Amino acid sequence: MAAVFSDYTRDRVGLFFGVTGLQLGLVVAGSLPVIWAMNRERWSLLFMLAVSWAVWTALVVIPIRGRSATGWLLATLAFAAGTVLGWTSWRSRASRGRAGKINEPDLPGVLTGVRVHDGPPQGVTNTRVALIQDHAARTWAVTAALVHPGLALADHLERDALGKGLTELLNACARTELISEVAFMVRSVPDDGAERERWMASHIRPDAPLLSRIVNTELAASLSSASIRTEAFVTLVVPESRLAKEAKEFGGNVDGRARAMHMLMSEVSSHLLTGMRAVSVDWLTSPELAAAVRTGFAPADRAGIVEALAAREADGGVNADVPWSQAGSAGAQLAARHYRHDAWWSIASTLQLPAKGAQMGALAPVLRPTEPGERRSMVVVYPIVPASRADRQTMSGEWKADIAETLRIQAKIKPRAKERVDAAQTRSLDAKLATGHALLRPYAVACVTVPLTADIAEHGRRLDGSIRRSGFAPLRLDPVHDAGFAVANLPLGVGLDHRGRS
C-alpha cells in the first residue's frame, strides 16, 4: 500500500481559540469604543458601537475562501488603485518602438527586476549556465531541465522510494545553509508536431506511393492534435545575503557567485539522478532559458523555435536564439478573474493541503488537459526555513498550542478532533527537527492557459475541478493572476512566499 503523506502542521497556530495575535489585537482595539461608551453610561451609543464591534470582529476573524474579509477588502482596494493608475496594463518596449539592449529582459509585473547573467565556462563543453538575478527579491537562481520517467507506471514501492529521495534532496539543500527554495515545475503543452514534421521532411522518399504519404500526413495531424508534451524544470533559489559571503572565496562579483552556485548545482544533480531517478539534468544556458520563458508566455511559438534550431544545424549562420528583449509578452493586462498576455489568457489557483493527506502522484489530474489547445502547468515550491528560525518557530508553536489548550480547559470547552490533531502534530515537529529534518513551507500553484478564442472562465472551472479530483482544495489567485502565472509557468525563481528568502 502506498504511503500517505499527511505529516504537516498549520503555518501559524492561533494563540486564543485559534485567533492569531494580530487578529486578537484588532478585535481588542475595536472594543475600546464600546468600553468607553459603557463607562460613560451612554446606552444608545453603546448598543450601536456593540453592533459595529460585532461586525468588525466577524470581518477580522471569519475566513472567506482562505482570507479574512479585511484581507479581501485590502486586495480589492489595491487592485482598484492599480487599475486607476494604469499599473494593471503593460506593454513591452519593443511594442512601443523603444527596444533597448537585446540581452536585457523586458518582462511584466513581478518579473520587472529580473536580470540574467552568463556564468563562467564550465566542463569539457565550456557551458555557460544562466544565473538569474532578481533585484526586487534580492535572490539568485539557476534552472535545469529535467527528464523523468514519471509515476504512471510506478508501483507503490517505487513511489515511496521517490518520496524518500525527495526528502533526502530537501534535507541536503537545507544543510548547505545557502539554498532557500527548491521549485519543481511541470508544463503539459499540446504537441505542435514540430519534431515529427522535421523527421517526415527528412525521411519521406519522393518516390513513395501517394496513398502511403496521405495516410502518414493525416496520421501525423490526428496524433498531434491528441498528444501532449511535458516539460519539467527544477530551480534553486539562493538569497543574496547568503551567496555574497560564499562568493568572496571565489573572487566575488558575478563570476564568484556563479562558481558558488556551481557547487550547489553539482550536489543537487547527484540527488536528482540517484534518489529521484531522473534520466538527465541539464542546467540551462541563457538562450535556452529565454526560449523556455518565451514558450511560457506563448506556447505556440515553440514550433518556430524548433524550425530555427533545425535551420541552424544546416546553416551555422542562422540565429536561432530568442533575444531576452523579446522573450516576454508584447502586452499584458491583469483583470480580477484572469490574466491576458498576447493572444493568450490564463487563470491560476493555489492548492490547499488536504487534511487526510495525499499519495505520491496524486496531482496527476491537475496536469492533464481536458480540451485540445489547453496548457496545464504547475509548480511545487519548497521554501526552506533556516535552522535557527525553525527552532524558534517550533518553540513558539508548542507554547501557543499549550496556551490554547489551557484556555480551553479553563473555559470548559471540549477541543474538537481537528484541534487535537493540530496540537499533536505541532508538538511532534520538534522531534523531527532534532533528527536532522528540515522545516519547509511547501505550496503549489496550478495554471491553465488557452487562446483568446476559448472561454477562459470555463477552463478555469475545469482546472478547479481537476484540483478537487486530486484531493486538494483550489483557491483562485484573485486578483493577482499575473503573479500566479509567473510562478507556475516561468522557471525564473520567482515565488509567492518571501519569508524564507532571507
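Mentor: Start with the elements: helices are DSSP runs of H or I with at least four residues, strands are E runs of at least two, and the numbering goes from the N terminus. Val-61, for instance, is found in helix α2 (residues 43-61). Keep in mind that this is a predicted model, where local features need pLDDT of at least 70 and side-chain atom pairs count only at pLDDT 80 or more, while totals for chains, interfaces and linings use all residues. Residues are numbered from 1 along each chain as its sequence is written, and side-chain values use heavy atoms, leaving out hydrogens and water.

Trainee: Okay, why is Val-61 called partly exposed?

Mentor: Buried means under 20% relative accessible area and exposed means over 50%, with partly exposed in between (1.4 Å probe, protein chains only). Val-61 has 28%, so it lands in the middle class.

Trainee: Now the rings. What makes Phe-297 and Phe-485 an aromatic pair?

Mentor: Rings of Phe, Tyr and Trp (its six-membered ring) pair if their centres lie within 6.5 Å; planes under 30 degrees apart are stacked, over 60 edge-to-face, and the rest tilted. A search of the whole structure finds 3 aromatic pairs. In one of them, Phe-297 and Phe-485 sit 5.4 Å centre to centre with 50° between the planes, which makes the pair tilted. This pair links distant parts of the chain, with Phe-297 in helix α9 (residues 286-297) and Phe-485 in helix α14 (residues 481-489), 188 residues apart.

Trainee: How do you know whether Phe-485 is buried or exposed?

Mentor: Its relative accessibility is 1%, so Phe-485 counts as buried. Phe-297 also comes out at 1% and counts as buried.

Trainee: And why is the pair of Tyr-339 and Phe-485 called tilted?

Mentor: Because the planes are at 50°, with the ring centres 5.5 Å apart. Tyr-339 lies in strand β12 (residues 339-341) and Phe-485 in α14, so this pair ties together parts that are 146 residues apart in sequence. Tyr-339 is buried too, at 5%. Ring pairs link Phe-297, Tyr-339 and Phe-485 into a cluster.

Trainee: What makes α14 mostly covered?

Mentor: A head count: 8 of its 9 residues are buried. Among them are His-481, Gly-484, Phe-485 and Asn-489.

Trainee: How do you know that strand β8 pairs with strand β9?

Mentor: Two strands pair if DSSP finds at least two bridges between them. Strand β8 (residues 181-190) and strand β9 (residues 228-239) have 10, in the antiparallel sense. With strand β15 (residues 375-385), β8 has 8 bridges, again antiparallel. Phe-184 stands opposite Val-234 in β9, and in β15 its bridge partner is Val-380.

Trainee: Last one: which residues of helix α5 and helix α10 meet?

Mentor: Contact means heavy atoms within 4.5 Å. Ala-194, Glu-195 and Arg-198 in α5 meet Arg-302, Ala-303, Val-306, Ala-310 and Glu-313 in α10.
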